[in-house]
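Please find below a short note for a reader new to this structure.

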Amino acid sequence: MLDALREDGQPAEEHWPYVPTPPANDAWSTPPVDGERFTRKGQALPFGWAEIVDALQSERPALILLRLSASFYRPDAAGVVHPAPGEVGDPALGHAVLAVGHGEIGGAPAILVRNSWGTGWGVAGHAWLTQNYVEPRLYGFALLEEDDYVSPHSAAA
């Protein structure tokens, strides 16, 4: 994740649109060269819920790696991911998101994440994940080492 973010970067959505079905491994390619790419350096760190919240309280966006489950694909109208009872993360569905805020949803600790799937996911590309959702699915954490500013522009989502 960190190598891809540092070396390949993430282009604006219109230059590399999200596709609902991943290409076969031999069809995958790096982002296109034309258009601006958003790159950052980062450092992998020991991870857990407390580390994510500490980073956010220090106003540092946190890159987190999750093992996705079905509910992640369907945030509700308020942008909240509600897992079904017994739902677990799939080890084959690793995905990185950027934690950009924290608070509570229905009395449960939660983080606000920004996804790279464009503004059609969640609310303008953002969704709330509760601690109970994140902890069993979390398998990586990194902080950005340079300019922490992340554009609020939807093209960078």
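Where is the place of Glu59? The loop between helix 2 (49-57) and strand 4 holds Glu59; helices (H or I, at least four residues) and strands (E, at least two) are DSSP runs, numbered from the N terminus.

1. The model is predicted: local features need pLDDT of at least 70, side-chain atom pairs count only at pLDDT 80 or more, and totals for chains, interfaces and linings use all residues. Residues are numbered from 1 along each chain as its sequence is written, and side-chain values use heavy atoms, with hydrogens and water left out.

2. Glu59 has a positive phi, near 60 degrees, although it is a residue other than glycine. Glu59 is exposed, with a relative accessible area of 68% (buried means under 20%, exposed over 50%, partly exposed in between, with a 1.4 Å probe and protein chains only).

3. Ala124, in the loop between strand 6 and strand 7, likewise has a positive phi, near 55 degrees. Ala124 is partly exposed, at 45% relative accessibility.

4. Rings of Phe, Tyr and Trp (its six-membered ring) pair if their centres lie within 6.5 Å; planes under 30 degrees apart count as stacked, over 60 as edge-to-face and the rest as tilted. The count by this rule is five aromatic pairs. Phe72 and Trp117 form an edge-to-face pair, because their ring centres are 5.5 Å apart and their planes stand at 85 degrees. Both Phe72 and Trp117 are buried. Ring pairs join Phe72, Tyr73, Trp117 and Trp121 in a cluster.

5. The charged end of Arg67 sits over the ring of Tyr139, 4.0 Å from its centre (NZ of Lys or CZ of Arg within 6 Å of the ring centre and within 35 degrees of the ring normal). Arg137 lies over the face of Tyr133, 3.9 Å from the ring centre.
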